[in-house]
Amino acid sequence: MEPSYEHIRRKAGGIAISIRNNELFTKEWQCRISIPTQSPTYLAKTAFALFDKNYQWEHPIRSVTVRAINLFEEDCPIQYDLFTDVKSLDRQERLDAAIEQIRFRFGKDAIKNGVLFQKSKMPTERKVDLVMPTGMIG
């Protein structure tokens with residue numbers, strides 16, 4: 001049976017980021033991308049550039065949300081500009097698609113970014129009891 005990749009049928013034409021600070025105040029920014037893409041690497045770099053340009057660090061951050069916006073069909077014709085390296089972006093998209101296919105076939109830990117092998121400052125063991133709600137009160 002051939003694997004289904006329904007989640008990668010569209011390309012993002014823009015990025016929206018939402019930042020919530022420790023006072024639970026949320027601010028959102030968005031920008032267009034010069035060429036619609038499916039590359040998580042390119043989308044992440046664009047989102048970080050948008051964040052870096054706009055966030056003023058008045059308060060610590062509680063959460064960050066990144067969304068793809070202005071979606072296009074995968075096979076939709078695209079008008080390129082003169083300033084974007086189309087070959088590099090195409091190569092990155094093909095590389096990202098190959099990585100996703102390997103992860104789909106062999107598990108999410110089949111390929112990892114090298115930075116994940118560095119010593120993390122996050123605690124490895126947590127003593128947290130997670131209690132989910134069991135019913136409605138009424």
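Predicted model: local features only at pLDDT ≥ 70, side-chain atom pairs only at ≥ 80, totals over all residues.
Strand 1 is mostly covered, with 10 of its 12 residues buried.

The largest nonpolar core has 11 residues, including Ile 15, Ile 17, Trp 29, Leu 43, Leu 50 and Tyr 55. Strand 1, strand 2 and helix 1 each supply at least two residues of this core. Leu 50 shows how these parts meet: leaving aside neighbours within four places in sequence, Leu 50 is in contact with Ile 15, Ile 17, Trp 29, Gln 30 and Cys 31.

Helix 2 covers residues 86–106. At 1.5 Å a residue, its 21 residues should span 30 Å, and the end C-alpha atoms are 30 Å apart, which agrees. Its buried residues are Leu 89, Glu 93 and Asp 96. Seen down the helix axis, these fall within an arc of 65°, so they line one face of helix 2. In an α-helix there are 3.6 residues a turn, so residues three or four places apart point the same way. Strand 1, strand 2 and helix 1 are among the elements that cover the buried residues of helix 2. The face turned away from that buried side carries the exposed residues Lys 87, Arg 91, Arg 94, Arg 105 and Phe 106. Just after helix 2, Gly 107 takes a positive phi of about 105°.

Technical notes: Residues numbered from 1 in each chain as written. Heavy atoms only, no water. Helix = DSSP H or I, 4+ residues; strand = E, 2+ residues; numbered from the N terminus. Expected span 1.5 Å × (residues − 1). Buried < 20%, exposed > 50% of the residue type's maximum accessible area, 1.4 Å probe, protein only. Arc of directions from axis to C-beta. Contact = heavy atoms within 4.5 Å. Core = buried A, V, L, I, M, F, W, Y, C linked by side-chain atoms within 4.5 Å.
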